[in-house]
Amino acid sequence: MSTILELDGVIAGYGAGDILKGVDLSVEAGTITCLIGPNGAGKSTVLKTVSGLLRPRKGTVTFDGHAIGRLSPKARLLLGIVHVPQERSLFPAMSVWDNLLMGGYLIKDSKVLRDRLDEAVASFPICRARAGEHAGSLSGGEQKQVELARTLVLDPRLILLDEPSIGLDPKSRQLVFESIRALSSSGRTILLVEQNARSGLAASDFAAVMESGRVQLTSTGASLLENPEVARLYLGAGTAGHATVLAPSTDSPGPSARTPGEEPR
Ligand SMILES: Nc1ncnc2c1ncn2[C@@H]1O[C@H](COP(=O)(O)OP(=O)(O)OP(=O)(O)O)[C@@H](O)[C@H]1O
Ligand SMILES: [Mg+2]
């Protein structure tokens, strides 16, 4: 395995204060890594610093061996970094097919575009079945399928998925996670943020817990699922979303809690 994405000491924020306070994170090529943590921990902000919506104030973001922290979002897109944001991102008044085409607006070669559209449709048949319908008329789960299909038009190497299962019924949620696994099987790397921590960890090879702007714990998805402290805090076996800080070691037998430094939103 080789590291495709590395954040090293990343400090970033929106206004005067820092939201990310020194984030270290490695993502292995071809794997799914899940970020979990309480509301306001900085999970979405990490994805934004990778896709270029936000530039780090300090620290480095390295993709495939290149420092990308100063690149524009478009330049990162051209490197194959595609961000599916937390909020719905389809154009609701446009057809499903036109939304898919929007994914290819940077592609000049019509044959390449056609091949990519074919791949997207093969992976997400809903794009053909509902091609002419307004995207806004689709259910939340169906829209998420189209959003994932649209990433394929860009032939992504790294897909950043922010809360892809939010607001979905259990069946649609299962379908989304199956689609994410299929994207990973086709060789894409996925960095996933999930509130449904149990499903997210179960679908992921690796996972990291974020709290108060830092990665506090990293491990495999399977071992975090079995970690009693993670279960208590994030898997519904206790007060989910509480901003208790986990011990920042991957090697310790289990994370220990200390007093929260900050209240969750
Ligand atoms: N555009 C913005 N401008 C100013 N502050 C922001 C902006 N976006 C996020 N923040 C703040 O940054 C902090 C971290 O937000 P972020 O969205 O990264 O958290 P999160 O871990 O994704 O939380 P959630 O689970 O609620 O999605 C929060 O305090 C939030 O209010
Ligand atoms: Mg978020």
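Reply: Below we go through the sheets, the salt bridges, a lysine and a helix.

Me: What should I know about the model and the numbering before we start?
Reply: This is a predicted model, where local features need pLDDT of at least 70, side-chain atom pairs count only at pLDDT 80 or more, and totals for chains, interfaces and linings use all residues. Residues are numbered from 1 along each chain as its sequence is written, chains are lettered from A and ligands numbered from 1 in the order in which they are written, and side-chain values use heavy atoms, with hydrogens and water left out.

Me: OK, the open sheet of 4 strands: what's the order?
Reply: The order is E2-E1-E4-E5, with antiparallel pairing. Strands (E, at least two residues) and helices (H or I, at least four) are DSSP runs numbered from the N terminus, and two strands pair if DSSP finds at least two bridges between them.

Me: Which strands are at the edges?
Reply: Strand E2 (20–28) and strand E5 (66–67), and each of them pairs on one side only.

Me: How many bridges join E1 to E2?
Reply: There are 7 bridges between strand E1 (residues 3–12) and E2, and the two run antiparallel. As one example, Leu-5 has Val-27 in E2 as its bridge partner. Helix H1 (residues 43–51) packs on this sheet, touching E1, E2 and strand E4 (58–63), and its direction makes about 115° with that of E1. Contact here means heavy atoms within 4.5 Å; axes are lines fitted to C-alpha atoms, for helices over the stretch in contact, and angles run from 0 to 180 degrees between N-to-C directions.

Me: And the sheet with 6 strands, what's its order?
Reply: It's an open sheet too, in the order E6-E7-E8-E3-E9-E10, with mixed pairing. Strand E6 (81–84) and strand E10 (214–220) stand at the edges with a single partner strand each, so one side of each has no neighbour in the sheet. Neighbouring strands are turned by 15° against each other on average, direction ignored.

Me: What joins E9 to E10?
Reply: 6 bridges, and those strands run antiparallel. Ala-207 stands opposite Ser-219 in E10.

Me: Switching to charges. How many salt bridges does the structure hold?
Reply: 10. A salt bridge is a side-chain nitrogen of Lys or Arg within 4 Å of a carboxyl oxygen of Asp or Glu. One of them joins Arg-157 and Asp-64, at 3.0 Å from N to O. That pair links distant parts of the chain: Arg-157 is in the loop between helix H6 (140–153) and strand E7 (158–162), Asp-64 is in the loop between E4 and E5, and they are 93 residues apart.

Me: Which residue forms a salt bridge with Glu-119?
Reply: Arg-188, at 2.7 Å from N to O. Arg-188 lies in the loop between helix H7 (170–185) and strand E8 (189–193), and Glu-119 in helix H4 (residues 110–123), so the pair ties together parts 69 residues apart in sequence.

Me: Are those two buried or partly exposed?
Reply: Arg-188 is buried, with a relative accessible area of 6%, while Glu-119 is partly exposed at 29%. Buried means under 20% relative accessible area, exposed over 50%, and partly exposed in between (1.4 Å probe, protein chains only).

Me: Where is Lys-43, and what is the nearest side chain of opposite charge?
Reply: Lys-43 lies in helix H1. Lys-43 is buried yet has no salt bridge, and the nearest side chain of opposite charge, Glu-163, is 4.9 Å away. On charge, Lys and Arg count as positive and Asp and Glu as negative; His and the chain ends are not counted. Not counting residues up to four places away in sequence, Lys-43 touches several residues, among them Leu-35, Pro-38, Val-193 and Met-210.

Me: Last one: how many of the residues of H6 are buried?
Reply: 13 of the 14, so H6 is largely enclosed by the rest of the structure. After H6 comes Asp-155, whose phi is positive, near 45°.
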